[in-house]
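This report describes selected features of a protein model, with attention to strand pairing, backbone geometry and a pocket. Please consult the sequence and structure shown below while reading.

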Amino acid sequence: MVALDWNPAIRIGVLNCADEENTAICKDYGVQFYPTFRFFSPFTKDFTQGENYKAEADREVQTVRHVIIDYLESLPAEHRPPACPSLQPISSSDVTSLLTQKDPRYTAIIFESETSYIGREVILDLMQFEHITVRRTLDSDKAMLKRLGVVAVPSCYLIYPNASHGLINMEHPDKRFTAQKATEAKYPFSKDLMKECRITPRIQNNPILVRRFIGQKPF
């Protein structure tokens, strides 16, 4: 699935229009080619064919994930699902505040470039997990990057519940996040964070979610 674990923010349904049983409903929704992606705003009550949001984008899984993020960010605040976390970057002063305050949870800060989607993907990947908060910030404050030892982006800086903090050492992060396909995607930042924090899902009855993130087969 493109974004199985993003369910609290956006639900994804799949309809096989090649199946004759679905011909009528696919016609009702104006599906003329495959794959077609339709987005429906939260709290919609009346019938709608949905929105062909960024229909010109390619159909690679990584691109679809980015389009989903763009769609979520395009929604007015009052129309976003209540469970959708903030995807906006935090400021340098916010980072400083996080470094000095005590929190019983882990706090992960993703340092990234303005065009990167990694931070937003990790926020959505891990929003169903307890004991961790994920935020993202941009690499524009060079003085802060130097102070925290961030020499390349994307980088993940982790604040522990005991108030200690530091970078998570990841091998060649710039290469590991380059246009991964669905069959190859291992969600490296998300998986590494789960291992480092030993976090558990908020939805306790989802063993597939847990096993996939810790690198095991789903059964």
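Does His-131 count as buried, partly exposed or exposed? The model is predicted. In it, His-131 has a relative accessibility of 40%, and it therefore counts as partly exposed, since that class lies between the limits of 20% and 50%. The residue belongs to the loop that links helix 4 (118-125) with strand 2 (132-138).

**Backbone geometry**

His-131 is not a glycine, yet its phi is positive, near 70°. Ala-163, likewise not a glycine, also takes a positive phi, of about 80°. Ala-163 sits in the loop between strand 3 and strand 4. With 33% relative accessibility, Ala-163 is classed as partly exposed. The two residues are set out below.

| Residue | Phi | Relative accessibility |
|---|---|---|
| His-131 | near 70° | 40% |
| Ala-163 | about 80° | 33% |

A further backbone feature is the cis peptide bond from Val-153 to Pro-154, whose omega is near 5°. Pro-154 is part of the loop between helix 5 (142-148) and strand 3.

Strand 3 covers residues 155-159; five of its five residues are buried, so the strand is largely enclosed by the rest of the structure. Ser-155, Tyr-157 and Ile-159 point to one side of the strand, while Cys-156 and Leu-158 point to the other.

Strand 3 pairs with two strands. Strand 1 (residues 106-112) runs antiparallel to strand 3 and is joined to it by five bridges; in this pairing, Phe-111 has Ser-155 as its bridge partner. Strand 4 (residues 165-167) is also antiparallel to strand 3, with three bridges between them, and here Leu-158 stands opposite Gly-166. Strand 3 and strand 4 form a hairpin with five residues between the strands, and Ala-163, with its positive phi near 80°, occurs in this hairpin.

**The largest pocket**

The largest pocket has a volume of about 1,000 Å³. Its lining comprises 29 residues, of which Ile-12, Gly-13, Val-14, Arg-38 and Phe-40 are the closest to its centre. Which helix gives the most to the lining of the largest pocket? Helix 2 (residues 61-74) does, with four residues. Divided by class, the lining consists of 24 nonpolar, three polar and two charged residues.

Definitions and conventions
Residues numbered from 1 in each chain as written. Predicted model: local features only at pLDDT ≥ 70, side-chain atom pairs only at ≥ 80, totals over all residues. Heavy atoms only, no water. 1 Å grid on protein atoms, 1.4 Å probe; cavity = no way out; pocket = protein on both sides within 12 Å on 5 of 7 lines; lining within 4 Å. Points joined across faces, edges and corners; volume = space filled by probe spheres on them. Nonpolar A, V, L, I, M, F, W, Y, C, P; charged D, E, K, R; others polar. Buried < 20%, exposed > 50% of the residue type's maximum accessible area, 1.4 Å probe, protein only. Pairing = 2+ DSSP bridges.
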